[in-house]
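Biologist: Hey, could you walk me through this model? I'm new to this, so please keep it simple.

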Amino acid sequence: MSIIATDMRNIAVLNGIKLSRFAWEKIIDDKNALQAVYDYSGRLPEVEKVVILLSSEQDRSRISESGFADLQAVFKENWTVAGLLSSLQELAQDYDHVFYLFADCPLLDNTISAEMFGNHIEYFADYTFADGYPYGLTPEIIRSKTIPVLAALAGKGENEPGRDTIFEVIKKDINAFDIETEISPMDLRMLRVSLATDCKRNFILLKRLIGAGARDSQSTCKILRDKGEYLRTLPSFFNIQIVEGCPQLCSYCPYPQVSIKSTGKKEEMKLKNFRKIIDQIEEFCEDAVISISLWGEPSYHSSIVEIVNYVQNKKNLRLLIETSGIGWQESCLSELKEKMDEKQKLPEWIVSLDAHTPAVYRDLRGEGFTEAKLFIKLLMDYFPERVYVQAVRMKSNEDDLEIFYREWKKINDKVIIQKYDSFCGLLPDHKVTDLSPIKRFPCWHIKRDVNILLDGSVPLCREDISAGHNLGNVLKQGLAEVWENGKVFYLEQLKGEYPDICQKCDEYYTYNF
């Protein structure tokens, strides 16, 4: 049995950097998330002081006006990894251990936290964390003497800190630390759940769980396991067709078989319709990833600069552009970069190359190998650290793929190897290996994705090439109604019932965002 020392002096540091508005909304026992976390912190073993890190003047005012007794605030407008570790080091200098947690997780569990601290002390750990639990139930525990070592490892650390910052720094030299892990008796990592009030999507999930009786790790995990219907909240990934037509007819693309039969641009979405769709997404979801590459080459759109800028001007929307790398002008990239505010997140780019040699490329995609490679290098000049090079793994390029991966890794660390998709049997099965799980679970894409065609219509998923299961039209009915229309398919899958298209699908276990 773990024994908790009684002569320790500990501090709890709450990360309240960039709290969302949902952290201030009542969610559990008539308290908001921050009040719940503050109460939890006061019950942690041997904690003498609670400090919150803030980046918003509004949040600092709220803290001072909300009557949080003895809650000290450390304020910086712009936090970096180095700044975070520097503050932790300064705060921890008179204490033995730091409980580090986020201020928007209302279901943090004191019982598990005490057990973690007992093991942390008993096994002389530098760092203790939990694994297998959904995010938001447990803290991280750091021995104070370890923090200067972490700060040295992080170096200048100019990136904005995230929820996994401490562990990411530790991983740089993981063997240098004594690490203790609290393993969940119920492994729920596959659910990818975040129990934080950091966005509308997670706030809805928390409200459902708490309404069903979630108050600690045991009750929360049981509800998550038994009530799968709670997990479909709001979509997080939107795949939008802004153009019909491509410069190539790729051998592994199903769209030419059911729609276009030749290369070149056919149609494009009107700019006003695109803006209407984006406005609906922002209102309905507040945050999401927007792809503008469904069944068409985005470089073909006559208003591509306006489209990119419209998404970029939405504070909580991220833009993903997947392209063949053909048809772009450098002047377009220059204009895009020029119009971007320094505070905006740059778009992420995925260039589908698929091959290392011109011959293999020609067999898979057609002409354009040299242009695509030159475009990748141009992109990396304009948007460094935001460019991915992608290949679909299949039997016809398997021998070429190893050198493709190795050579591109020398140039660009961001390389994607994507599994082959037969689109529910529409294409021949050219996958190299079967990656599907032993036990089937409900489709990630029906749970989290929305695919929108040129006219605003929404098929069940990307696999539904012929739109045989039409969920509606976002330009006519609105996004909320269309999203609700997809719920029945998800509920059927929870019961193990699948329409014909889903029975043949090999994509249900793949995950976008």
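**Packed helices**

Modeller: Let's start with a pair: helix 12 passes helix 14 in a right-handed crossing. Right-handed means the near helix is turned clockwise from the far one by less than a right angle, and left-handed means anticlockwise. Helices (H or I runs in DSSP, at least four residues) and strands (E runs, at least two) are numbered from the N terminus.

Biologist: And where do the numbers come from?

Modeller: The model is predicted, so local features need pLDDT of at least 70 and side-chain atom pairs need 80 or more, while totals for chains, interfaces and linings use all residues, and side-chain values use heavy atoms, leaving out hydrogens and water. Residues are counted from 1 along each chain as its sequence is written.

Biologist: OK, at what angle do helix 12 and helix 14 pack?

Modeller: About 20°, and their axes are 11 Å apart. Helix 12 covers residues 330-339 and helix 14 covers residues 369-382. The axes are lines fitted to C-alpha atoms over the stretch in contact, and angles between N-to-C directions run from 0 to 180 degrees. So helix 12 is roughly parallel to helix 14. The cut-offs are under 35 degrees for roughly parallel, over 145 for roughly antiparallel, 65 to 115 for roughly perpendicular, and oblique for the rest.

Biologist: Which residues make the contact?

Modeller: Helix 12 brings Glu-330, Leu-333, Ser-334 and Lys-337, and helix 14 brings Phe-375, Leu-378, Leu-379 and Tyr-382. Contact means heavy atoms within 4.5 Å.

Biologist: How does that contact of helix 12 with helix 14 split by class?

Modeller: Five residues are nonpolar, one is polar and two are charged. Here Ala, Val, Leu, Ile, Met, Phe, Trp, Tyr, Cys and Pro count as nonpolar, Asp, Glu, Lys and Arg as charged, and the others, Gly among them, as polar.

Biologist: Now for helix 3 and helix 5: at what angle do they pack?

Modeller: About 165°, with the axes 9 Å apart. Helix 3 spans residues 81-92 and helix 5 spans residues 147-154. That's why helix 3 and helix 5 count as roughly antiparallel. Helix 3 passes helix 5 in a left-handed crossing. From helix 3, the contact uses Val-81, Leu-85, Leu-88, Gln-89 and Ala-92, and from helix 5 Ile-147, Pro-148, Leu-150, Ala-151 and Ala-154. By class, the contact of helix 3 with helix 5 has nine nonpolar residues, one polar and no charged.

Biologist: Switching topic! How many residues of helix 1 are buried?

Modeller: Seven of its 10 (residues 33-42), so helix 1 is largely enclosed by the rest of the structure. Buried means under 20% relative accessible area, exposed means over 50%, and partly exposed is in between, using a 1.4 Å probe on protein chains only. The buried residues in helix 1 are Ala-33, Leu-34, Ala-36, Val-37, Tyr-38, Tyr-40 and Ser-41.

Biologist: What about Glu-160, buried or exposed?

Modeller: Exposed, as Glu-160 has a relative accessible area of 52%. Glu-160 is in the loop between helix 5 and helix 6 (165-170). Setting aside neighbours within four places in sequence, Glu-160 is in contact with Lys-18, Trp-79 and Val-81. The side chains of Glu-160 and Lys-18 also make a polar contact at 2.9 Å. A polar contact is a pair of N or O atoms within 3.5 Å; within protein, one must be able to donate a hydrogen and the other to accept it, and residues adjacent in sequence count only if both atoms are side-chain atoms.

Biologist: And Glu-463, buried or exposed?

Modeller: Glu-463 is buried, at 7% relative accessible area. Glu-463 sits in the loop between strand 19 (457-459) and strand 20 (470-473). Residues up to four places away in sequence aside, Glu-463 touches Asp-421, Phe-423, Cys-424, Ile-501, Cys-505 and Glu-507.

Biologist: What's the phi of Phe-423?

Modeller: About 55°, a positive value although Phe-423 is not a glycine. Most residues other than glycine have a negative phi. Phe-423 lies in the loop between strand 17 (415-419) and helix 16 (444-448), and Phe-423 is buried, with a relative accessible area of 5%.
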